[in-house]
Amino acid sequence: MNNFRFKNPVELLFGKGQIANLQKRIAPGTRVLMTYGGGSIKRNGVYEQVMAALKDCEVVEFGGIEANPDYATLMKAIEICKTRNIDMLLAVGGGSIIDGTKFIAAGSCFEGDPWQLMGGRATAVKALPLATVLTLPATGSEMNCGAVISRRETREKLVFNSELVFPQFSILDPEVVYSLPNRQVANGVVDIYAHTLEQYLTTPNHTRVMDRWAEGLLQTLIEVAPRLLHEGQRDYNDCADFMLTATMGLNGFITMGVDEDWATHMIGHELTALHGLDHGVTLAMVYPGVMDIMRREKEAKLLQYGERVWGISEGTVDERIDAAIRRTEEFFSSVGMKLRLSDYGIGEETIRTIVDRFRQRGWNIGEHGIVTPEKVEAILRRVM
């Protein structure tokens, strides 16, 4: 097991009716910028609950944050924070809203162009406090200090991390899952599954506790996903398991002492930046390609994954790995995902663009830099 440092200060308020606790957590008179997306919170009753709980605060609303939040939109919110002397941010939504709000929190206190915070080119030294009300389980952003932001004018999508943007608290009410469309549930399931694999399907490193935890998260998703794809008929406990699995999949708990990959995410970010694909869609396509092309480097963990998660214990090494990849693809397909670039009209030009970008940035990705630009090209061709 690797040496590690762990910190996660986020308070979770989990369960039915927890949104009302905003009134106890945010002091009267606080100037709050409430961020949200396209307005679904006004259709599912969350908006009314939040506003009732914040009746004694000065609330400034900022809606319209996109899926894959855009830098230009977030800069408008940063300007509001500065001109209205905002005290605190409250993100009401899914991962994109929370990610965007983290960028707003840090960017509002940053001297210079906040885009420099992306990709580690500059370091945040201060941030406005923030909290979240989660409405879409997927990214785990409600309990971590990372964010992914897009810049559509330059077709970029980059990562930002700072302990300054850990939410002070996050409210998770599983009942919000009842009204989610199947597309969002499917994207969430794949995103959580991929997050878990990025921290699990790496190097054998005597991380028994983390491995078993990760395998439990994967098995939970496999169990509840079919039942979650029934709009209007979802069970509260399935929704609760789904929501908590998302949070635990990327709050740092399963990454203690392990090697991390993230190659699939970095390749997927490029596909989103270039073609606007849903994040979950890109992960469903790319991950089986990574498993296949990197099978020798990941052999031991692929065999462990196949046996412990899918019950695959017979056959040669390659037969067992092939079966593990096939079962993963079948699972992604079962929630409605298409698994080939060609399904979205993506071909050679995009592959060349992505590989060129990786070379220009000097990126060797994955655990220990094992995924070179040449491997990226092979992965994309595998899923073409």
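**The interior and its loops**

Modeller: The largest nonpolar core has 128 residues, and among these Leu 22, Val 50, Tyr 193 and Tyr 305 touch the most other members. A nonpolar core here is a set of buried Ala, Val, Leu, Ile, Met, Phe, Trp, Tyr and Cys residues joined through side-chain atoms within 4.5 Å. Helix H5 (residues 182-200) supplies the largest share of this core, nine residues; helices (H or I, at least four residues) and strands (E, at least two) are DSSP runs numbered from the N terminus. The model is predicted, so that local features need pLDDT of at least 70 and side-chain atom pairs count only at pLDDT 80 or more, while totals for chains, interfaces and linings use all residues. Residues are numbered from 1 along each chain as its sequence is written, and side-chain values use heavy atoms, with hydrogens and water left out.

Val 50, once residues up to four places away in sequence are set aside, touches Ile 19, Leu 22, Met 34, Leu 90, Val 92 and Val 133, a contact being heavy atoms within 4.5 Å.

H5 also packs against another helix. Its axis and that of helix H11 (residues 317-334) come within 9 Å and cross at roughly 155°, where axes are lines fitted to C-alpha atoms, for helices over the stretch in contact, and angles run from 0 to 180 degrees between N-to-C directions. That angle makes H5 roughly antiparallel to H11, since angles under 35 degrees count as roughly parallel, over 145 as roughly antiparallel, 65 to 115 as roughly perpendicular and the rest as oblique. Val 189, Val 190 and Tyr 193 of H5 meet Thr 328, Phe 331 and Phe 332 of H11.

The loop between helix H7 (236-249) and helix H8 (263-275) includes Trp 262. Most residues other than glycine have a negative phi. Trp 262, although not a glycine, has a positive phi of about 70°, and with a relative accessible area of 19% Trp 262 is buried (buried means under 20% relative accessible area, exposed over 50%, partly exposed in between, with a 1.4 Å probe and protein chains only).

Asn 251 lies in the loop between H7 and H8 and is buried at a relative accessible area of 3%. Leaving out neighbours within four places in sequence, Asn 251 is in contact with Phe 6, Asn 8, Met 143 and Asn 144. Gly 257, also found in the loop between H7 and H8, counts as buried at 2% relative accessibility. The C-alpha atoms of Gly 257 and Asn 3 are separated by 5.7 Å although the two residues are 254 residues apart along the chain. Beyond four places in sequence, the contacts of Gly 257 are with Met 1, Asn 2, Phe 4, Asn 205 and Thr 207.

For contrast, consider a further loop: His 368, found between helix H12 (348-361) and helix H13 (373-382), has a positive phi of about 60° although it is not a glycine, and His 368 is exposed, with a relative accessible area of 63%.
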